[in-house]
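The text begins with a helix, then turns to a sheet and its strands.

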Amino acid sequence: MPTDTPGLIGYALAGTLPVVVIGALLLRYTRGRAMTTSMAVLVLIPTLATLCGVVAVSGLMFGAEFERTAVVLAVVTAVTVPAAILLGREQARATVWEREMLEQERAAEQSRRELVAWVSHDLRTPLAGIRAMGEALTDGVVSRPEDVQRYADQIVRETNRLSSMVDDLFEMSKINAGALRLHLEPVDLREVIDEVLATNRPTAERARITLSATQPEDKIVVAGSERALGRVLTNLVANAIAHTPPGGRIDISAGTDGGQAWTRVDDTGPGISDTDLPRIFEVAYRGSSARSPGAAELGSSSGMGLAIAAGLVAAHHGDITARNRAQGARFEIRLPLLESAGRR
């Protein structure tokens, strides 16, 4: 057993270096695996290195001093390894959460950029039309009463379109900021569907589309905001009208199962492409192309209708999904059903 300082250092290095090398190899091998494993290895490396250094310096003489040292190291290991595993799990959860938050932030930023691009384009189009028609009226280029009336009607339509887009932007900003506050009260989904049906039927008729509803006799009562749920269904019906060719039909249905209320909007359009389906509820996402010529003709969508519908449904603690059928697409809303729902 060495007694001089250089000798002690040499024996200590001879005992600890192999442990450190083996530990480094283990860390390299466990890279990409559970963080708890890496934390345990990191704790064991200095403990085992200390033990091997003591053994090397003692010249394999296992006396009382060595036993005391071994007991202390054993206690330290028994305490630090479980602690390292627990801390590793917490760190792993924190890392995963931070990664998910970063991915969400990136997705939100990309969505905001797309939204700005879409809105900038859509605002310029009606504004350019309003400006051109206003200048034509101001300069006297249009003077016949019927032309003046036509230009005035078009200006009103474009202004209403701009107002609708601004309303959508305001609604979407509240949803994204988490500032949406809904006053939830018992609402019969059948009444909401009746109102949506009456409001959108004239638009469907102008597009030569049959709009109908199928509802049960019993009440379907959920905790919700009648205005918000009406907005959700209106957006879904408007989307269906925009993507259903003339001569098609749109069916609204409702029912209950498994303690949930459901409402479906089915259309007979060409359906949704597999590429667009996963992103259909993203802000300002309109897909690679319109599903039918009708969408291009309407041209009044802000690109936020489905995203707003998804946000409002989430505020009701519900789910909204989209899928293709044999012919056309189906949008389905599911909301918690109030147990106290009565019957007519």
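In this predicted model, helix 5 (residues 189–206) lies across strand 2, strand 4, strand 5 (260–267) and strand 7 (329–336). Helix 5 runs at about 170° to strand 2.

The sheet is open and is formed by five strands in the order 2-4-5-7-6, with mixed pairing. Strand 2 (210–214) and strand 6 (319–324) are its edge strands, each of which pairs on one side only. From one strand to the next, the twist averages 15°.

| Strands | Direction | Bridges | Bridge partners |
|---|---|---|---|
| Strand 2 and strand 4 (residues 249–257) | parallel | five | A213 and I252 |
| Strand 6 and strand 7 | antiparallel | six | D319 and R334 |

With strand 6, strand 7 forms a hairpin in which four residues lie between the two strands. In the turn, G328 has a positive phi of about 90°.

Helix 8 (residues 305–315) is likewise largely enclosed by the rest of the structure, because eight of its 11 residues are buried. The buried residues of helix 8 are L306, A307, I308, A309, A310, G311, L312 and V313. After helix 8 comes H317, which has a positive phi, near 60°.

Technical notes. Residues numbered from 1 in each chain as written. Predicted model: local features only at pLDDT ≥ 70, side-chain atom pairs only at ≥ 80, totals over all residues. Heavy atoms only, no water. Buried < 20%, exposed > 50% of the residue type's maximum accessible area, 1.4 Å probe, protein only. Pairing = 2+ DSSP bridges. Axes fitted to C-alpha atoms, helices over the stretch in contact; angles between N-to-C directions. Contact = heavy atoms within 4.5 Å.
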